[in-house]
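Subject: Structure for you to look at

Hello,

I am passing on the structure below. My notes follow it.

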Amino acid sequence: MDTTGTIFLTPGGSTIAGEVDSLFYFLVYASIAMFGIVLAGLVYFGLRYRRRQTDADTPTSGRAHNLKLELLWSIIPTILVVIVFIWGFRIYIKMHVVPHEAMEVKVTGQKWFWSFDYPQGASTVNELVVPVSKPIKLLMSSKDVIHSFFVPDFRIKMDVLPNRYTITWFEATRTGNFDLFCAEFCGDGHSDMIGKVRVVGEREFSEWLEAGLSGGEGMTPEDFGARLYVSKACNTCHSIDGRSLVGPTFKGAFGTRRVLEDGGEVTIDENYIRESILEPQAKVSAGFQPVMPTYQGLLNSREIDALVVYIKSLK
Amino acid sequence: MNTLPENHYLNARRGLKSWLFTLDHKRIGILYLYGIIGAFFIGGVLALLVRLELFGPGRDIMDAKTYNQFFTLHGAVMIFLFIIPSIPAALGNFLLPQMIGAKDVAFPRLNLASWYIYITGAVFALYSIHSGGVDTGWTFYTPYSTETTTSVISMTLGIFILGFSSIFTGLNFIVTIHKMRSPGQTWYKLPLFVWALYATAIIQVLATPVLGITLLLLILERAFGIGIFDPAMGGDPVLYQHFFWFYSHPAVYIMILPGMGIISELISVFSRKKIFGYKAIAFSSLAIAFVSFLVWGHHMFTSGQSEIAATIFSFLTFLVGIPSGIKVFNWLATMYKGRISFDTPMLYGLSFLFLFTIGGLTGIFLGALAVDVHLHDTYFVVAHFHYVMMGGTVMAFLGGIHFWWPKMWGRMFSSFWSTVAWAIVFVGFNMTFFTQFILGSRGMPRRYYNYLDQYQPLHAFSSVGSLVLAVGFIIMGIYLVHSLFRGKPAGNNPWGALTFEWQSTSPPPTENFVKPPKLTHGPYDFDKISPERTFP
């Protein structure tokens, strides 16, 4: 995590961030000025007009109006907020007008991970890889409840809804990794619905796209499975160190027998793992909620094979 | 040396039944006070548990499911059981008839009924803890609230019922203020607290039914599968957000307007100064009440609502900020050339000005469209509404409690310990919540059980602040209870104030006044007379 920037804001990473930050800092300074006036008044009046032992208990001044003063403290704040309104509006419109040449990525939110589909055919989970200095349009929808796509360093956020598409866009100004949060409460795994935006150079991006389209060549199935465990977000809900998260741990699971929610029992073998990936609600382990989404269409058979090998290896 | 009056509303009749069937607005106010303090305690303990869990990333003391239920309950209890009824139902009930020189409110039986409805609603809401908790957040956003397996119906039914209590109180106050003022007490001679209660009551009566309908629709959807908000059944989740905020934004002003009313009293009395701009303060309350109905969409700038709607809502949001700003300047100007004493109620009044100004200014950040896109649903929002609700309303409530405490019980609390508790609360509050502005603008989303390491130091600092805050409240609880038994009798008018209630004994008789009070001066005429303080 980059620790430069200021106490209030992390360094921006998108074209819009600079503009948002300018308005933000204008607001910070204007607020400090306004607050300073109020605080100065409180302190000065408090000291200057505090009741002293020697004060005679006589009536005080009855002045309760001062037209000039009242106009002043009504009109100046009004002018200030109109400036802020117009300023905020202009940037907001820029956030909502997508450049024509933008590359479109389909974003899907579901409990509790993000998946990204590229027009070239590649797809990823919890990691959005994009080229630097290119506008990226995100066409977003949810498979279940409302989520919200939030990249703090890009200063963008847009809710992701189950019944319609929402759109946002950004253009990254530097390479690196940027946190991606879900900002709309979506249940037990809400705070684990964290992904990454990886901004890379144009060359690296096209290499990555090609590699993404292949997947796993030259790796052992176990290593490939380990990579998928992270890249397909299994790790959001299943640990490999024995802790129970939203779902049961993978550690030492293979070959054991497990009690199911409906009272039945099952041996964890290759077919059970495969079934649980494709039809998660078919046999739910006792003590866990039936909340896992299906990975049908998100994993091909080679990837499922690799995951099975990987889970077997976790003694 | 002061003594307590021989007969007053507290000893007029004795026994549990005399309280449970009382029609005396003062006793009903006290009953509400008990309920509200109970709710504040429950909500406060939940808040501490939430903050403890957030001390470090990952699991500290509870799992994600429990955490989600705790923050939901903290919000729902604090808003619906504590802060909405706090000032109007407890202090308002106790004071409104006294301030207008009346014997009681217009409908004493309706008043008692509203308390029983409040308790019934509270029982439903708290039953949800027993029946599996609620984990939706206090906003109950669909479709999550339609899908979750937790006890949403019990909680929303509870809030539906609580709404009627709020509506009854509002109706009662409107009629009381219109019809029961003392002879000669025209609208411009009313204390500003009464104006604030009036503006609040209008919102309560007009907006609360919308929340009731919305929650009823949500219950219908959950219980009978009638599709209204859930897209899986053909509904629209954003419609829910519109309905919900159509009530819940005006509700913010149900919470803050009565607080502003108290501040007008405190600043004037303890500055011994005529209130600056009486009419500006009175009418700005009504202006706020009116405009507050037209700004709900500012909760939805990132919800996918149209850009035109967002723009209009942003503009109206700034409009509603202006009258609040004017009030702050009016209070400040009231102190000019006054004779200011720093008794505990005034310390809370001054903290209100300090904290509410920060809360208001950070509201401008959130009203600005582009900046809100970044800050929406982060800790910045959490900090902002705690500065307005706790730094504003709760500080005003505490100021009011300390101000009218001797009127309620006839006895005074310890000046030393109340000042100590105030200082601890003020420091603890700022430690807890100012930190959260920084967390939020650096990107920390709200309602997160777990978080990335970079946010840990600030979270830990905020959690320590919440413990400091708790110490302040514990001290407050101790000296207030102590004062009930050992406090020195305060006399009729311990602070030297001019409103009607101080002309009666402390505590007042059941009929409020031995003989009807005469209107010889306005509520803030410190330029004409300087009443003596009956307590040094």
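**The nonpolar cores**

Ala368(B) touches Leu23(A), Leu27(A), Val84(A), Phe85(A) and Gly88(A), leaving aside residues up to four places away in sequence. Touching, or being in contact, is used here for two residues whose C-beta atoms, placed from the backbone, lie within 7 Å.

This is a predicted model, in which local features need pLDDT of at least 70 and side-chain atom pairs count only at pLDDT 80 or more, while totals for chains, interfaces and linings use all residues. Residues are numbered from 1 along each chain as its sequence is written, and chains are lettered from A and ligands numbered from 1 in the order in which they are written.

The largest nonpolar core has 230 residues, of which Val194(B), Ala368(B) and Ala370(B) touch the most other members. A nonpolar core is a set of buried Ala, Val, Leu, Ile, Met, Phe, Trp, Tyr and Cys residues joined through C-beta atoms within 7 Å; buried means that 20 or more other C-beta atoms lie within 10 Å of the residue's own. With 22 residues, α3(B) gives the most to this core. A second, separate core of 13 residues includes Phe224(A), Leu307(A), Val308(A) and Leu314(A).

**Between the chains**

The contact takes 74 residues from chain B and 70 residues from chain A. On the side of chain B that touches chain A, α10(B) gives the most, with 13 residues. Helices (H or I, at least four residues) and strands (E, at least two) are DSSP runs, numbered from the N terminus. The residues of that side of chain B divide into 40 nonpolar, 20 polar and 14 charged. Here Ala, Val, Leu, Ile, Met, Phe, Trp, Tyr, Cys and Pro count as nonpolar, Asp, Glu, Lys and Arg as charged, and the others, Gly among them, as polar.

**A helix pair in chain B**

Helix α2 (residues 25-53) and helix α4 (residues 108-130) of chain B pack at an angle of about 10°, with their axes 10 Å apart. Axes are lines fitted to C-alpha atoms, for helices over the stretch in contact, and angles run from 0 to 180 degrees between N-to-C directions. The angle therefore makes α2(B) roughly parallel to α4(B) (under 35 degrees). The residues of this contact divide into nine nonpolar, three polar and no charged.

**Domains of chain A**

Chain A is divided into domain 1 (103-214) and domain 2 (221-313), with bounds from an automatic or database domain assignment. Their centres, taken over C-alpha atoms, are separated by 24 Å. Domain 1 of chain A gives 13 residues to the contact and domain 2 of chain A gives nine.

Regards

Technical notes: Angles under 35 degrees count as roughly parallel, over 145 as roughly antiparallel, 65 to 115 as roughly perpendicular and the rest as oblique. A residue is buried if 20 or more other C-beta atoms lie within 10 Å of its own, exposed if 12 or fewer, and partly exposed in between; C-beta atoms are placed from the backbone.
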